[in-house]
Structures are given as structure tokens and as C-alpha cells.
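Let us take a walk through a protein chain together, one stop at a time. Keep the sequence and the 3D view open beside you as you read.

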Amino acid sequence: MATNVKRKKKAEVMSDDGSMTLTGHLKELRNRLIICAVVFVVAVVVTLTRADWFIDLLTDMGQGYYTFVSIAPQEKLMQYFRVSLLASFVVTVPVALYQIYAFAKPGLKKSETFFLKLVILLGLALFCIGVLFAYKLMMPFMLRFLSTGIEGAEYIQTTTSIESYVNLCLTMFTIFGCVFEMPLITIILSKMGIIYPELLKKGRGIAIVLIFFIAAVVTPPDIVSQCMVAGPMVLLYFVSTFLSGIFYKPRSADDDEEEEEEDDSDEE
């Protein structure tokens, strides 16, 4: 009886030719989602016990420039929960990306498997570098300027609510984390044949002007902080141009013919 049940379950998961059935794929997807959910819940419980450490890590950048206050009764507690949830999300993302990779791997070619691993690892690394850049270099300059950069009215105390301060920090971390994904986006678009090295080289001058304009908008009006933001962005643009030359795959006539044949077969 037990043997028949096992055979029935195996038949639901695997077809006669050895490939996984739709039911099997759905069960595998469910199991991987459960793993991600369990990791997230455990991370929330753990990070809640260390929420004060995360808050201290953020407020250390503004110490000496601002006096932090909690305006609403629940404001301080809500920021603890917010930082804890965000930290748990950050912990869960690598696990979720690995589950996506493991789920898609059986259906990918060897070259596609390597490209997917490259995209996942490079994306995580670049985002972390962008956040670290904002935390170590950008935020201290911005906070110092916003608190002491304007002369006069010395009697005005620079206080800020903890909610506004956390909002600013998380927004800047997200912006710079996304900006540092430029090489990864270039790799993907080049692999798809949408952009190519010559296009990036021709638009280099316009891109540099736009980069310095953006840096002037988001930074205090001094040349040092502007260069600290524009410099890495320009470097990322040149790195993106180089990577585009490596990963760009021009579309050939054979590819177009294959697509036309697939379209014809679908219509039939």
C-alpha cells in the first residue's frame, strides 16, 4: 500500500520521459517559496532584538549635526519595526535569488546558467557597493551641509524627527544602490542586442555632462562632493562601455530566420 502511494506521488511529479510535470514544478515552487518565507520570519525575529544597533548605525552619521527627536508617541517604535523589516528583506534577497537560480537551472543551457549566476552575484555586489558608498562618503557630506552649510540664524536648533531621518537615509541608500547597477543593466541590454559599444562611445560626452549635472543637483554646492559623486558614476559608465564590448551579441540573419520559423510554426 505504501509502495503504491509512493509510485502515485512520483507519477504526479515526474512524467514517463523523466521530465518534471506541471504539478511537480508547482510543488517545487511552493517549497522554495516556503523556504524564503521561513528565512524572512526568522530574520525578523532576530533583527528585532538588534533593532537598536541598526538605528545607532544610521544615526552615527548625523551625530554632532542633529538632535534626534520622536514627535509621535509611536514614531520611535515604528522605526524599529521598519528597520527590522528592511534588514530582514536584505537577508532574504540572496536566499530568494538562489531559489530562483535553482528553480530555473534545469531548463537552462550551460552558457545561460553562467550568465544567470553572473547577473545575480554582480547585482548583489554592485548594490552593496552603492549603499556602502552612500553611507561612508555621500551621507556625511550631505548631512553636514544641510545642518551647517547656510550661514545665519545660529539660534535655530537643527533637530529632526527620527522618521524623517530614517526616510532620508533609506532613500539615499536605495538611489545609490540602483545607480551602481549601471554595469549590470548594460550587460543585460548588450546581451539582448539593444545597446552596443559604439552607441555608448558616441554618447560619452552627453552622458558625462548629464552625470555631472545630476551630481550637482543631489550634492551640496561644492566641487569636492560633486566630484565624489560624479567620479564613480563616470567610472561606472566607462566600465559599462567595456562590459558592453564583451557581452554584446549582434543579431544575425540566422537568428531572424529562426524567429520567423518559430512564428510560422506557432501560427500553424
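Predicted model: local features only at pLDDT ≥ 70, side-chain atom pairs only at ≥ 80, totals over all residues.

**A guided walk along the chain**

Residues are numbered from 1 along each chain as its sequence is written, and side-chain values use heavy atoms, with hydrogens and water left out.

How much of the chain is buried? Of its 268 residues, 30% count as buried. The word "buried" means under 20% relative accessible area, "exposed" means over 50%, and "partly exposed" lies in between (1.4 Å probe, protein chains only).

Our next stop is helix H2, which spans residues 22-48 and holds Ile34. Ile34 counts as partly exposed because its relative accessibility is 45%. Together with Val38, Val42 and Val46, Ile34 forms a nonpolar patch on the surface, with about 340 Å² of accessible area in total. Such patches are made of residues with over 30% relative accessible area and no salt bridge, where like charges are joined within 9 Å and nonpolar side chains (Val, Leu, Ile, Met, Phe, Trp, Tyr) within 5 Å. The areas come from the Shrake-Rupley method with a 1.4 Å probe, and for residues, only the protein chains shown count as cover.

Side chains of opposite charge can pair when their charged atoms come close. Glu28 and Arg32 meet in a salt bridge, at 3.0 Å from N to O; the term stands for a side-chain nitrogen of Lys or Arg within 4 Å of a carboxyl oxygen of Asp or Glu. Because these two residues sit four apart in helix H2, about one helical turn separates Glu28 from Arg32. Glu28 is at 17% relative accessibility, so it counts as buried. A search of the whole structure finds one salt bridge.

Now look for the largest pocket, with a volume of about 900 Å³. Of the 24 residues lining it, the closest to its centre are Leu86, Val90, Phe127, Val131 and Phe173. On a 1 Å grid over the protein atoms alone, a pocket is an open set of points where a 1.4 Å probe fits, with protein on both sides within 12 Å along at least five of seven lines; lining residues have an atom within 4 Å of a point. Grid points are joined across faces, edges and corners, and the volume is the space filled by probe spheres set on the points.

Which element gives the most to this lining? Helix H5 does, with nine residues. By class, the lining has 22 nonpolar, two polar and no charged residues. Ala, Val, Leu, Ile, Met, Phe, Trp, Tyr, Cys and Pro count as nonpolar, Asp, Glu, Lys and Arg as charged, and the others, Gly among them, as polar.

Let us finish with helix H5, the place of Ile129.
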